[in-house]
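Please read it alongside the sequence and the structure shown here.

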Amino acid sequence: MSAVLAAEAASASKAEASPVIAAVLLGTGVVGGAFLKLLNTPAAASIRLVGAANSRRQQTQTEQLADRTLREKLKTHGDVRNDGVLLGALDAHDASVKVIIDATASSALALCHAEWLANGYHVVTANKSLAGGDLPGWRTLQAALANGGRYGDSATVGAGLPVISTLRRLRQCGDALLTLEGVFSGSLSYLFNQYDGSQPFSALLRRARELGYTEPDPRSDLSGEDVARKLLILARCAGFALRPDEVEVESLVPENLRGLDVETFLSRLEELDAPLARRFAEAKARGGALRFLARLNQRGRARVGLVEVPANHPATRLYGTDNQFALSTTRYNTQPLVIQGPGAGPEVTAQALLGDVLALV
């Protein structure tokens, strides 16, 4: 046999021997849709999709799952959503690695993560509701992990930027977090990177919404609650078992705008302008700038809100929807360890999911 043929045979044999990962995808929205596209790339060759579902319909037929228009077809075609059937499809596969991928933001679905892990499945998720939710739920998750299941959560913070993995590695090496500070929201990063007083905040917010940088209801971003969940996840990774009510959260939504329906709120965005213009002018007069920061200190005090920072602050050098995480530890204490990059977007979030799935073998 020639060297070329031998190499090809060895390569084919290796491919056949490669462990196969059987996967069920829950959520085929923008992130789930981006993940489905990645499944059609060589990087995902070892993954076998055995089920996919949106909130109402699902598909477990092999030929339908291979259809590149699966996401669109699920909007109108497919069986009624039944998680038992989806898990049955996973059980029926002979793969040694079986994973449930949660690409939703459903709190109800997140409550199932610990149960799935306890039943022997791996879970990979972009859903922050459990790891960044109530403390008992987080503790239940930690207990379930003792059964051997693995929890891929790098997509929950920073769209896969290596902040969770870095925090865990530092802690495993005996390092300890002293302070954590940064910009954890792509939408709020964009808004305050752009806000320079030349246009009303409401106009900038409408533009950000049109570009898809905010949630359809921008109050989900402006409330600071999403940033608080991310801070909780990171704090817990660093060893601080914080409750949600221990994070001080400043909302940018005035009390009188919080209970309105979305359309009414959007029609009254101008009411955000005067308070923010006043704070911007005060900061500018002192040579500073406004940034929406998350902060945690070594005593476990956590805060999320709008902060006046000096002009040379690292957060003033962000671009677009960049996230930034500055970690000061007992060993990184002269200069913080800074992790920065795009922290939002379906493609990078889906890539984080794919990376966590591939890391299971």
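Predicted model: local features only at pLDDT ≥ 70, side-chain atom pairs only at ≥ 80, totals over all residues.

Strand β6, which covers residues 122-125, runs parallel to β7, and the two are joined by 2 bridges.

Both strands belong to an open sheet of 7 strands with mixed pairing, whose order is β4-β3-β2-β1-β5-β6-β7. The edges of this sheet are formed by β4 (79-80) and β7 (151-152), each of which pairs on one side only. Helix α16, made of residues 346-358, packs on the sheet and touches β1 (21-26), β2 (47-53), β5 (97-102), β6 and β7, while the direction of the helix makes about 160° with that of β6.

## The six-stranded sheet

A further open sheet has 6 strands in the order β9-β11-β10-β8-β12-β13, and its pairing is likewise mixed. Its edge strands are β9 (247-249) and β13 (337-342), each pairing on one side only. On average, neighbouring strands of this sheet are turned by 30° against each other when direction is ignored.

Helix α13 (residues 225-237) lies across β8 (177-183), β9, β10 (288-297), β11 and β12 (322-329), and runs at about 40° to β10. Helix α15 (residues 273-285), in turn, lies across β10 and β11, with a direction at about 95° to β10.

## Packing of α9 on α13

Helix α13 also has a helical partner: α9 (residues 163-172) packs with α13 at an angle of about 25°, and their axes are 9 Å apart. Because this angle is under 35 degrees, α9 counts as roughly parallel to α13.

On the α9 side, the contact is made by V163, I164, L167, R168 and R171, which meet I233, L234, R236 and C237 in α13.

## Aromatic pairs

The count of aromatic pairs in the model comes to 6. In one of them, the rings of F192 and Y195 have centres 6.4 Å apart and planes at 80°, so this pair is edge-to-face, given that plane angles over 60 degrees are classed in that way. The rings of Y195 and F201 are also edge-to-face, because their planes lie at 80°, and in this pair the ring centres are 5.4 Å apart.

Are F192, Y195 and F201 buried or exposed? F192 has 1% relative accessibility and therefore counts as buried, the limit for that class being under 20%. Y195 is likewise counted as buried, because its relative accessibility is 8%, and F201, at 1%, also counts as buried.

Key. Residues numbered from 1 in each chain as written. Heavy atoms only, no water. Pairing = 2+ DSSP bridges. Helix = DSSP H or I, 4+ residues; strand = E, 2+ residues; numbered from the N terminus. Axes fitted to C-alpha atoms, helices over the stretch in contact; angles between N-to-C directions. Contact = heavy atoms within 4.5 Å. Phe/Tyr/Trp six-rings, centres within 6.5 Å; stacked < 30°, edge-to-face > 60°. Buried < 20%, exposed > 50% of the residue type's maximum accessible area, 1.4 Å probe, protein only. Parallel < 35°, antiparallel > 145°, perpendicular 65-115°, else oblique.
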